[in-house]
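Here is a friendly note to read beside the model. Please keep the viewer open and find each residue as it comes up.

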Amino acid sequence: MPQPILFDMDGVLLEGPGTHPQVYADAADVALAELEVDPTPTQRADLRRNDLENVADHCEALDIDPARFWELKERYASQGTHERLRSGERGLYDDIDAIETLAERTTVGLVTNNRHETAEFVADYVGIDFEVVRGRDPTFEGYRRRKPEPDYIEEALDQLGSSEGLYVGDSIKDVTAGRAAGLETAFLRRSHNRDLDRPAEATLELESLAALTDIV
């Protein structure tokens, strides 16, 4: 059996490089309402963003548990993301069928900086038989362990019992994390990264996921 292929999610399966900022803004507002606090406009603006230091400071000032606020914000951000997918507001790339083809030949996995709850939702939504799905934990530490740190890729490899393979992503941090985890890497071209130079550490450069079916 060929070595496993792990895929990033945003910008690889889901259109666009990441979660829309309004999703986080709405999630923060719902979390604050649930916690029954009324922040100043400055506090609210900072809490809508994912700046951990500011979030912790403002939560302390508002006398709320920062870990609880963060967990709620992550949960509601996942719900908002899922609704945008269901409604068609955010789409899928039309070449992800190639991953289904690859899954018939080798082990495939999904490893993303996005929330683990959303990663699991997307894996089910697209109907691809991923052997492993790993996203970030809904904690401050989980957010800190995102790529370019290799942690989540390494955890996925541990679940597969493998130390080799290929990681496919659309950003420099994907390539950095994949290489740090000991994998070959493929830099996937999409409209949002078309003008970026190919990362020096990338093993492959792909114009489409379909190109992988000719390689594997």
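1. Glu184 and Arg179 form a salt bridge, with their closest N and O atoms 3.8 Å apart; the term stands for a side-chain nitrogen of Lys or Arg within 4 Å of a carboxyl oxygen of Asp or Glu. Glu184 is partly exposed at 37% relative accessibility, and Arg179 is partly exposed at 36%. For these words, buried means under 20% relative accessible area, exposed means over 50%, and partly exposed is in between, using a 1.4 Å probe and protein chains only. Elsewhere, salt bridges with shared partners join Arg134, Asp137, Arg145, Asp151 and Glu155 into one network.

2. A word on the model before going on: it is predicted, so local features need pLDDT of at least 70 and side-chain atom pairs count only at pLDDT 80 or more, while totals for chains, interfaces and linings use all residues. Residues are numbered from 1 along each chain as its sequence is written, and side-chain values use heavy atoms, leaving out hydrogens and water.

3. How many salt bridges does a search of the whole structure find? The search finds 22. One of them joins the side chains of Glu34 and Arg68, at 3.7 Å from N to O. Glu34 belongs to helix H1 (residues 21–34) and Arg68 to helix H4 (residues 66–87), so this pair ties together parts that are 34 residues apart in sequence. Helices (H or I, at least four residues) and strands (E, at least two) are DSSP runs, numbered from the N terminus. Glu34 is partly exposed at 37% relative accessibility, and Arg68 is partly exposed at 32%.

4. Now look at Arg145, whose side chain meets that of Glu155 in a salt bridge of 2.2 Å, N to O. This pair links distant parts of the chain, ten residues apart: Arg145 is in the loop between H7 and H8, and Glu155 is in helix H8. Is Arg145 buried or exposed? With 16% relative accessibility, Arg145 counts as buried, whereas Glu155, at 23%, counts as partly exposed.

5. Arg146 lies between helix H7 (140–144) and helix H8 (151–160), and is partly exposed, with a relative accessible area of 27%. Leaving aside neighbours within four places in sequence, Arg146 is in contact (heavy atoms within 4.5 Å) with Asn113, Arg136 and Tyr152. The C-alpha atoms of Arg146 and Gly135 are 8.7 Å apart, and these residues are eleven apart along the chain. Pro148 is also found in the loop between H7 and H8. A cis peptide bond joins Lys147 to Pro148, with omega about 20 degrees.

6. Where is Asp170? Its place is in the loop between strand S4 (166–169) and helix H9 (172–180). Asp170 is buried but has no salt bridge, and the nearest side chain of opposite charge, Lys147, is 6.5 Å away. In that search, Lys and Arg count as positive and Asp and Glu as negative, while His and the chain ends are not counted. The side chain of Asp170 does make a polar contact of 2.6 Å with that of His192; such a contact is a pair of N or O atoms within 3.5 Å, where within protein one must be able to donate a hydrogen and the other to accept it, and residues adjacent in sequence count only if both atoms are side-chain atoms. Beyond four places in sequence, the contacts of Asp170 include Asp8, Asp10, Phe187 and Asn193.

7. Glu36, in the loop between H1 and helix H2 (41–48), has phi near 60 degrees, a positive value in a residue other than glycine. Glu36 counts as exposed at 74% relative accessibility. Asp63, in the loop between helix H3 (52–61) and H4, also has a positive phi near 60 degrees. Asp63 counts as exposed at 71% relative accessibility.
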